Amino acid sequence: MRVLLINKFLYPKGGAETYTLSLGKMLEKRGHEVQYFGLRNEKNTVGNQVDALVSDMDFSAGIARNLNAPFRIIYNRRARKEIRRVLDSFHPEVVHLNNIQYHLTPAIILEIEKWRQEKRNGCRIIYTGHDYQLICPSHGLFDVNVKPCELCLDGKYIHCLQTKCLKNSRAKSLLGTMDGYFWKRNPAYSYVDAFICCSQFLKEKLDTQPQFAGKTIALQNFKDVAAVQGIEKKNYILEFGKLCKDKGTETLLEVAKQMPDERFVFAGYGPAVDLMKDIPNVEYLGFREGQELNKLIAEAKLSVCPSEWYENCPFSVIESIALGTPVVGSRMGGIPELIMEGKTGELFEAGNAEDLKKSIKRIIDRQEVLEEYTRNCHDARFETSESYYEKLMVIYRKGIDADAE
């Protein structure tokens with residue numbers, strides 16, 4: 001099967017990129033042909049045979065220096081032209097979309113639909129949602145203060161402009177509002193055959209909108225976690241990944257101050273790192289990856305995912321439990337779907353330092369309780385590349401098999 005994977009960034013950057021690149025490797029390993037389409041960048045690790053990519057925009061330079069940016073952010077004609085080159089060259093049987101908004105734009109969906117109608121080839125268009133961009137101009141269902149916000153679920157994207165939820169900028173929020181209304185009225189998303197949602201929570205949010213309801217499928221992201229041998233648990237509590245306010249790092253630091261006898265370790269990157277310097281029981285290790293990160297996770301007695309926005313399927317929770325480390329996570333988005341409360345971890349009210357502290361102590365205060373949670377983690381099951389592949393093929397082949405008949 002020929003599969004075209006599309007994502008704006010084609011190098012390791014965030015969750016969507018991790019998924020896209022891992023998915024490509026998984027498909028190639030099983031004999032499928034895979035090519036990629038996205039933005040041109042010197043960091044790219046993948047591409048396509050005709051080298052058809054889209055030049056990026058430097059948003060940090062400001063709109064004044066990108067006079068055509070308002071138009072390209074909403075409808076990128078160049079992206080539509082370049083993807084046609086890939087379609088004509090590669091002839092994909094499946095086009096799998098990921099993060100495309102504000103760079104590639106849904107204009108590429110219009111070209112994919114035009115191409116498959118002209119060729120009458122039954123190509124499937126699949127979209128994996130990693131955030132809430134399809135229903136929220138700010139992509140995260142949060143307001144300017146990074147607090148949960150569902151105003152735009154009524155379909156009135158004017159809320160975005162009224163609250164300046166995009167970076168507290170009226171200009172950016174105006175563009176977000178325009179983008180929301182434009183693609184709500186445009187038929188592009190109606191051409192997508194299936195929307196894969198990496199959490200049941202995301203599926204339920206998309207199902208509130210008529211253009212998505214009936215096409216959504218809840219399927220958690222896959223993660224093959226390499227076992228770490230010869231591990232002995234050490235006496236520290238861990239948070240890793242992006243370290244910032246919306247990830248709940250500041251709340252966890254407040255807890256660290258209230259628990260001076262416990263060691264708190266942080267690995268990753270983000271603005272919250274600057275707040276760690278004067279807390280004696282806090283240690284920042286910098287960025288970690290691969291087996292070095294796995295060892296750090298496996299040796300922790302507890303991992304914390306204190307996110308204060310609607311996370312969907314955070315890899316940090318999956319990796320921690322898969323490596324035998326219980327997780328305390330916030331009751332936000334899809335996080336509760338990954339944690340068996342009272343068995344592989346505990347849940348707490350997001351942003352509530354006292355509740356977080358109680359949840360941590362509930363697990364670690366008694367050694368026998370901590371050991372029980374740890375044992376339970378080894379029995380937990382998440383989607384692996386094998387199980388995910390089998391389910392994905394059902395989605396991929398639905399249209400192909402029907403076309404063959």
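This section describes the cores, sheets, helices and selected loop residues of a predicted model.

The largest nonpolar core comprises 54 residues. Within this core, the residues with the most contacts are Ile-6, Phe-37, Leu-97, Ile-108 and Tyr-132. Helix α4, which covers residues 107-119, supplies the largest share of the core, namely six residues. A further core of 26 residues lies apart from it and includes Phe-266, Val-273, Ile-360 and Leu-370.

When its neighbours within four places in sequence are left aside, Ile-108 is in contact with Ile-6, Phe-37, Ala-79, Arg-80, Ile-83, Leu-97 and Ile-100. The buried residues of α4 are Ala-107, Ile-108, Ile-109, Leu-110, Glu-111, Ile-112, Glu-113, Trp-115 and Arg-116. These buried residues pack against the strands β1 (2-6), β2 (33-37), β3 (94-97) and β4 (124-129), and also against the helices α3 (77-90) and α6 (170-185).

Arg-120 follows α4 and has a positive phi, near 50 degrees. Gly-122 is located in the loop between α4 and β4. The relative accessibility of Gly-122 is 27%, so this residue counts as partly exposed. Between Gly-122 and Asp-179 there are 29 Å in space, C-alpha to C-alpha, at a separation of 57 residues in sequence.

Six strands form an open sheet in the order β2-β1-β3-β4-β5-β6, and their pairing is parallel. From one strand to the next, the twist averages 25 degrees. Inside this order, β3 and β4 are paired in the parallel sense over four bridges, and His-96 stands opposite Ile-126 in β4. Helix α3 packs on the sheet and touches β1, β2 and β3. The direction of α3 makes about 165 degrees with that of β2.

Strand β7 (residues 237-242) pairs with β10 in the parallel sense over two bridges, with Leu-238 opposite Ser-303. Strand β11 (residues 327-330) runs parallel to β10 and is joined to it by three bridges; here Ser-303 stands opposite Val-327. In a regular strand, side chains alternate between the two faces of the sheet.

Ser-320 is placed in helix α10, residues 315-322, and counts as buried at 0% relative accessibility.

Helix α11 comprises 12 residues, 353-364. The distance from its first C-alpha to its last is 16 Å, close to the 16 Å expected at 1.5 Å a residue. Buried positions in α11 are Ala-353, Asp-355, Leu-356, Lys-357, Ser-359, Ile-360, Ile-363 and Ile-364. Of these, Ile-360 is listed among the residues of the core of 26 residues. The N-terminal end of α11 is capped by Asn-352, a side-chain oxygen of which lies 3.1 Å from the backbone nitrogen of Glu-354.

Positive phi values were also found in loops. Asp-51, which is not a glycine, has a positive phi of about 55 degrees. Asp-51 belongs to the loop between β2 and α2 (69-74) and, at 43% relative accessibility, counts as partly exposed. Tyr-102, likewise a residue other than glycine, has a positive phi near 65 degrees. Tyr-102 is placed in the loop between β3 and α4. The relative accessible area of Tyr-102 is 15%, below the 20% limit, so Tyr-102 is buried.

Note on methods
Residues are numbered from 1 along each chain as its sequence is written. This is a predicted model: local features need pLDDT of at least 70, side-chain atom pairs count only at pLDDT 80 or more; totals for chains, interfaces and linings use all residues. Side-chain values use heavy atoms; hydrogens and water are left out. A nonpolar core is a set of buried Ala, Val, Leu, Ile, Met, Phe, Trp, Tyr and Cys residues joined through side-chain atoms within 4.5 Å. Buried means under 20% relative accessible area, exposed over 50%, partly exposed in between (1.4 Å probe, protein chains only). Contact means heavy atoms within 4.5 Å. Two strands pair if DSSP finds at least two bridges between them. Axes are lines fitted to C-alpha atoms, for helices over the stretch in contact, and angles run from 0 to 180 degrees between N-to-C directions. The expected span of a helix is 1.5 Å times one less than its number of residues. A polar contact is a pair of N or O atoms within 3.5 Å; within protein, one must be able to donate a hydrogen and the other to accept it, and residues adjacent in sequence count only if both atoms are side-chain atoms.
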